[in-house]
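Visitor: Please take one part of this protein and go through it closely. I would like the overall setting first, then the residues and what they touch.

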Amino acid sequence: MNPSETQQQIEQFKYLIGMRYQGMDIDEVIAAPSDERAFAVFSDRYMKSFDAKFALEPFVEDDLHLIAVLNRYHIREYGFFYRVPVAQLLEETRYQPPQ
C-alpha cells in the first residue's frame with residue numbers, strides 16, 4: 001500500500017472510531033508496518049509521540065497494513081499499546097460502514 005492508498009484506506013475506516021472491540025474503545029485507525037521488526041521501531045516512535053505520521057516516516061516504502069488503536073490512554077498511563085489489525089477486527093465484529 002503506497003502513502004496515497006494508505007490515507008484513502010484510513011479515511012474509509014474512520015467510522016470505526018468510537019466503536020468497541022473486546023471491551024475496549026477504538027480510538028484511532030492508523031497505518032503501521034507489517035514486518036515485526038519494523039513494527040517494534042514504529043511502535044516505540046508512536047508511543048513516544050502519539051503521532052502516527054511521524055512514527056511511520058521511516059517505513060513509507062515498507063509493506064503496510066491498517067491497525068485500530070484501542071484504549072489509547074493506556075499507552076501514556078500504563079505503557080500498553082493495544083491494537084488489532086483492521087482486517088481482523090472487521091472479520092470478528094462484522095462492523096459495516098454507515099449507509
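Guide: The accessible surface of the protein is about 6200 Å², and carbon and sulfur atoms hold 48% of that surface. Accessible areas are from the Shrake-Rupley method with a 1.4 Å probe, and for residues only the protein chains shown count as cover. This is a predicted model, in which local features need pLDDT of at least 70 and side-chain atom pairs count only at pLDDT 80 or more, while totals for chains, interfaces and linings use all residues. Residues are numbered from 1 along each chain as its sequence is written, and side-chain values use heavy atoms, with hydrogens and water left out.

Of the 99 residues in the protein, 37% are buried; buried means under 20% relative accessible area, exposed over 50%, and partly exposed in between (1.4 Å probe, protein chains only). The protein has 5 helices and 4 strands, in the order α-β-β-α-α-β-α-β-α along the sequence. Helices (H or I, at least four residues) and strands (E, at least two) are DSSP runs, numbered from the N terminus. The radius of gyration is 13 Å, which agrees with the value near 13 Å for a compact globule of 99 residues; the radius is taken over C-alpha atoms, and the globule rule is 2.2 Å times the number of residues to the power 0.38. Among contacts with a separation of 6 or more, 58% join residues 24 or more positions apart, where contact means heavy atoms within 4.5 Å.

The part to look at is around Glu-28 and Arg-72, which are in contact. Glu-28 sits in strand β2 (residues 24–33) and counts as buried because its relative accessible area is 17%. Its side chain makes a polar contact with the side chain of Tyr-46 at 2.4 Å. A polar contact is a pair of N or O atoms within 3.5 Å; within protein, one must be able to donate a hydrogen and the other to accept it, and residues adjacent in sequence count only if both atoms are side-chain atoms. Leaving out residues up to four places away in sequence, Glu-28 also touches Ile-17, Ala-52, Ile-67, Ala-68 and Val-69, as well as Tyr-46 and Arg-72.

Arg-72 belongs to the loop between β3 (64–70) and α4 (73–78). At 26% relative accessibility, Arg-72 is partly exposed. Its side chain reaches the backbone oxygen of Phe-50 at 2.9 Å. Apart from neighbours within four places in sequence, Arg-72 is in contact with Asp-27, Glu-28, Tyr-46 and Phe-50. The C-alpha atom of Arg-72 is 8.3 Å from that of Asp-25, although the two residues are 47 residues apart along the chain.

Asn-71 is in that loop between β3 and α4 too. Asn-71 is buried, with 7% relative accessibility, and has a positive phi of about 45 degrees although it is not a glycine. Most residues other than glycine have a negative phi.

Helix α4 contains Ile-75, which is buried at 6% relative accessibility. Tyr-46 and Phe-50 are among the residues that Ile-75 touches, with Met-47, Phe-80 and Phe-81, not counting residues up to four places away in sequence.
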